[in-house]
Amino acid sequence: MTELKPKKEIPKFKLIFLGDQGTGKSCILNRFVEDKFDENYQATIGLDFQSKNVKIDNQDIHLLLYDTAGQEKFRSLIPMYTRDANIILFVYDITRKESFNHISDWYNDLTNVKIEDVILVLIGNKIDLNDKREVNKEEGEKYASEKNMIFKEVSAKTGNNFPELFYQKIFEQIANKFKPGLQGTVNDIQEMKIKIDEDKNDKNKKKKCCK
Ligand code: GDP
Ligand code: MG
């Protein structure tokens with residue numbers, strides 16, 4: 001009963017990676033979190049998660065990054081994780097057209113997500129394999145602009161375009177889209193968990209009473 005006021009907590013954002021198996025989701029996550037690439041990275045089983053602290057607009061932010069497995073048997077679990085995600089990243093492999101064609105299936109699976117409340121990102125991975133390319137950059141760009149997604153082609157292997165994608169495009173959108181949330185979440189533990197579905201009816205209100 002002595003410590004009534006919770007300690008200062010930093011805002012949390014939840015990111016989730018979706019896309020076919022083998023497109024490089026786990027490698028992208030590893031490249032972003034640890035800035036490394038491991039050829040022998042194990043296939044993801046079910047769901048995995050890592051976290052990383054970053055600074056956005058001079059504010060400390062805690063990112064929770066959820067990695068999914070493409071196997072059919074785990075797919076039914078994904079809505080549990082997309083439900084309260086803030087940023088959803090769709091990954092395809094530029095050398096596998098099929099993985100790009102499947103992006104619309106992954107997108108259509110998001111039936112429990114209020115699309116306008118989340119940041120959507122389309123990533124064409126493996127641009128180091130440009131000679132094996134099956135998906136033009138323009139196709140990716142077109143799909144992304146139709147669905148209002150951030151778009152970038154990257155290579156998890158070389159790290160190409162990672163700063164541009166994460167530190168510029170994604171972080172900038174986080175700062176813009178969740179600005180009231182960022183300001184409102186700093187000192188209050190109730191505000192710390194930015195849950196879009198809790199907040200959707202009352203976007204402009206800075207404080208939300210949960211008592
Ligand atoms: P996931 O199933 O989507 O998580 O895919 P993984 O991250 O496990 O990667 C699948 C395979 O693609 C692995 O053999 C990786 O080494 C390879 N891979 C991932 N990213 C790249 C990349 O940017 N370039 C190349 N050449 N290979 C990659
Ligand atoms: Mg994986």
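Okay, let's start with the contacts: of those in the chain with a separation of 6 or more, 69% are between residues 24 or more positions apart, where contact means C-beta atoms, placed from the backbone, within 7 Å. Bear in mind that this is a predicted model, where local features need pLDDT of at least 70 and side-chain atom pairs count only at pLDDT 80 or more, while totals for chains, interfaces and linings use all residues. On labels, residues are numbered from 1 along each chain as its sequence is written, and chains are lettered from A and ligands numbered from 1 in the order in which they are written.

So what's in the chain? We have 10 helices and 6 strands; these are DSSP runs numbered from the N terminus, helices being H or I with at least four residues and strands E with at least two.

The 6 strands make an open sheet with mixed pairing, ordered β2-β3-β1-β4-β5-β6; to pair, two strands need at least two DSSP bridges between them. At the edges sit β2 (47-56) and β6 (150-153), each pairing on one side only. From one strand to the next, the twist averages 20 degrees. Looking inside the sheet, β1 (residues 12-18) and β3 (residues 59-68) run parallel and are joined by 6 bridges.

α1 lies across β1, β2, β3, β4 (87-93) and β5 (119-125), at about 160 degrees to β3. That angle is between N-to-C directions on a 0 to 180 degrees scale, with axes fitted to C-alpha atoms, for helices over the stretch in contact. Then there's α7 (residues 162-177), across β1, β2, β4, β5 and β6, at about 170 degrees to β6.

Is α1 mostly covered or mostly open? Mostly covered, with 7 of its 10 residues buried, meaning 20 or more other C-beta atoms, placed from the backbone, within 10 Å of the residue's own. Among the buried ones are K25, S26 and C27. The cover includes β1, β2, β3, β4, β5 and α7. For the whole chain of 211 residues, 31% count as buried. Just after α1, D35 takes a positive phi of about 55 degrees.

Last up, ligand 1. Which residues are closest to it? G24, K25, S26, C27 and K157, out of 19 that surround it; the cut-off is a C-beta atom, placed from the backbone, within 6 Å. Helix α1 (residues 25-34) gives the most to that shell, with 3 residues.

Definitions and conventions:
Two residues are in contact if their C-beta atoms, placed from the backbone, lie within 7 Å. A residue is buried if 20 or more other C-beta atoms lie within 10 Å of its own, exposed if 12 or fewer, and partly exposed in between; C-beta atoms are placed from the backbone.
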